[in-house]
Amino acid sequence: MSDLERLWDDLPVGRAPVDDILRAGRKKGRTPRRRPTRPLFTAGVLTAVGGAFLAGIIVAQPPGSEPEASRPGGVSDASPAAFHGELQPVESCDELLDHYVDQALEIVGPHGWELGGYWPAGDVIAGALPAAPSAEMDALTRQSNSYESAKVPSTSTSVNSDTGTNVQEQGVDEPDVVKTDGDLLVRIQDATLTTYDVTGKETVELSQIRLDGFEDGEILLSGDTVVALGNDGSRSRNRGYGWYANTGPTTTRVVSVDLSDPGAPQVGDTVDLDTSLVTARQHGSSIRLVTAAGLPELDFVQPTGRRGMRTAREANERVVRETTLADWIPSMSVDGGEPTQLADCKDMAIPRQDIGLDTMNVVGFEADDPADVHAIGLAGNASLAYESPDHLYLAASPFAAWGECFDICPMVTDRSANSGTTMVFDFEVTGTEATYVGSGEVEGSVADRWAMDEYDGVLRLALGPTQATGNFNSVVTLERRGDELVEIGRVDKLGVGEQIESVRWFDALAIVVTFRQVDPLYAIDLSDQDDPRLMGHLEIPGFSEYLHPLGERRLVGIGQAPSGKGGWGAQAGLFDVTDLTSPRRIAVLSYGPGTEARAGADPRQFTWLPKERTLLTVISDGWRTRSGWVSVVTLDHGRLTNRMVEADYGNDVEQIRTVPLPDGRVVLVTGEDVQFFDL
């Protein structure tokens with residue numbers, strides 16, 4: 001207890017207002033410090049190691065006072081962001097700062113931010129679980145066999161977006177290293193933006209410009225405007241502690257480029273956001289970013305020979321109490337100008353439940369005017385993002401997938417240590433704006449965005465096991481009722497003792513692949529979303545990391561499987577889903593031991609050409625030759641025929657794209673070339 005508290009404790013007026021006194025003395029106008037991004041391969045738990053509130057003894061509240069636990073207050077009709085329910089509006093900037101400081105004090109220790117308990121989710125959940133009891137599997141089999149298929153749901157074909165990218169949702173475009181409108185092709189490599197004419201017999205380079213101070217670029221295309229998304233090259237200076245140590249980018253850089261004259265592109269606004277990009281999506285000319293700031297880099301001390309653990313902890317707690325909102329809420333600057341706070345306090349929300357400490361922002365703008373943003377945010381960690389044509393969902397889930405991530409992998413919050421549930425926040429999106437609708441909580445974990453889907457106003461989730469569930473996976477449906485997402489249906493015991501590897505959703509159907517020793521493929525009937533049903537399942541060796549529908553009766557799975565005596569290798573399997581009560585694998589293509597099907601990590605390296613009945617997918621040779629091929633797979637009466645075309649080597653394998661044009665031709669993009677591809 002501090003001297004101030006001891007003096008105050010003698011007076012019968014309640015808790016010492018230490019935070020108020022300290023806040024009044026905080027320095028104004030401090031320059032915000034850079035923030036570390038999340039580790040790309042993190043799956044763990046925030047632990048409150050040594051966190052302590054400055055007011056160590058809580059005394060009784062005086063009569064008539066409101067308990068502090070009741071903050072934040074009720075719904076405020078005056079809130080411009082219309083937060084309510086589980087996301088409460090912020091009454092003042094002071095209240096918002098109090099929230100950050102209180103949360104931060106729980107995870108600061110003698111070494112600074114103390115984050116522990118990291119482990120692969122697969123090892124903790126799936127690997128430690130027993131195999132499926134035969135009685136439970138028999139029950140599922142009886143259920144699927146008794147299913148009456150009077151109105152059998154079916155798969156449907158999925159093709160690339162209008163700009164050439166293989167996307168999750170039709171009508172919702174995603175960034176990539178190459179884009180096209182059918183006549184013009186634009187690619188970004190490092191900081192160099194190049195345009196090509198693709199209307200003739202050969203590709204013709206039109207222009208090349210370099211974006212200054214730009215790294216890790218991807219692009220979106222809207223009419224005559226390219227929006228480049230990357231960072232400014234700055235990296236975190238915070239070594240962190242344990243697994244939290246990282247050197248990731250700390251700024252999101254957005255650059256607009258006018259292509260009215262593709263031979264002479266003109267660079268427009270450059271917008272810097274002092275936060276890390278989680279996802280970017282495009283609806284027409286509107287672009288929406290989801291960002292996560294991470295924990296701020298503060299001037300923490302370390303224990304030394306003359307400074308013990310207790311002294312270091314107390315010093316670091318003082319550092320946290322002296323923070324200002326500039327340390328927590330990201331800033332925004334245009335063309336190197338003076339930074340301003342990205343979202344006003346009135347446009348921020350405080351979660352009722354503890355979902356971990358972070359600052360998430362949803363930032364919308366028109367492609368040709370990235371400086372005019374609509375930004376809202378929440379003071380918590382909900383960094384799993386999925387966007388349908390008219391809704392954005394942010395999820396705070398107990399465990400993250402272990403392995404490569406297409407989008408940034410989220411840091412797991414301390415919810416995994418307590419509840420084993422996933423919180424989902426629903427936002428309606430219109431143009432550049434996102435309006436909070438409601439939220440829901442469901443038992444289980446969401447691995448990534450592919451485990452989320454929306455159809456006919458219902459959110460569908462594929463959930464993995466946690467301490468709140470059995471040792472199985474589930475498909476759950478949630479419906480909006482008022483400001484809540486309410487569970488209306490579920491099917492359990494999918495892949496008992498296994499983990500979800502891939503999911504694909506259709507209007508009234510879900511295909512779920514799990515894996516431990518074999519690859520069960522489950523067909524879930526969602527035609528009645530109040531009563532989802534298991535229709536059938538198939539067990540085969542290996543697993544599919546990426547599923548792609550080829551039409552109403554065919555589905556291809558790209559993944560891995562045992563490859564003779566030489567270990568594991570890439571595999572493509574063709575599935576007949578005509579009878580969903582009894583799905584069949586009718587053809588399989590093995591690429592040999594040591595190979596990798598890259599579509600499992602990045603679906604943008606997969607293209608389906610329905611007219612040619614041909615799929616193009618990138619295969620790499622692991623560490624042996626570090627070569628990358630385009631596998632040209634043709635479907636012929638239930639058979640798969642393959643032709644391998646060597647395309648690139650080394651790190652440039654990540655750049656390989658096969659971009660379909662409206663006239664049926666395909667452009668092959670590699671690290672060095674952009675040329676038409678002979679099918």
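1. The side chains of R657 and D176 meet in a salt bridge, 2.8 Å from N to O. A salt bridge here is a side-chain nitrogen of Lys or Arg within 4 Å of a carboxyl oxygen of Asp or Glu. This pair links distant parts of the chain: R657 sits in strand β40, D176 in the loop between α5 and β4, and 481 residues separate them. Helices (H or I, at least four residues) and strands (E, at least two) are DSSP runs, numbered from the N terminus.

2. The model is predicted, so local features need pLDDT of at least 70 and side-chain atom pairs count only at pLDDT 80 or more, while totals for chains, interfaces and linings use all residues. Residues are numbered from 1 along each chain as its sequence is written, and side-chain values use heavy atoms, with hydrogens and water left out.

3. D176 lies in the loop between α5 (134–145) and β4 (178–180), and R604 in the loop between β35 (596–597) and β36 (606–609), so the pair ties together parts that are 428 residues apart in sequence.

4. Are these residues buried or exposed? D176 counts as buried at 2% relative accessibility. R657 is buried at 3%, and R604 at 9%. Buried means under 20% relative accessible area, exposed over 50%, and partly exposed in between (1.4 Å probe, protein chains only).

5. D602 forms a salt bridge with R604, the closest N and O atoms being 3.0 Å apart. D602 is buried too, with a relative accessible area of 12%. Salt bridges that share partners join D176, E218, D602, R604 and R657 into one network. A search of the whole structure finds 23 salt bridges.

6. β41 (residues 666–669) pairs with β42 over three bridges, in the antiparallel sense. Pairing requires at least two DSSP bridges between two strands. L668 has Q675 in β42 as its bridge partner.

7. Helix α6 (residues 309–321) has 13 residues and spans 18 Å from first C-alpha to last, close to the 18 Å expected at 1.5 Å a residue. The expected span is 1.5 Å times one less than the number of residues. Its buried residues are A312, A315, N316, E317, V320 and R321.

8. Whole protein. There are eight helices and 42 strands. Buried residues make up 56% of the 679 residues. Among contacts (heavy atoms within 4.5 Å) between residues at least 6 apart in sequence, 60% join residues at least 24 apart.
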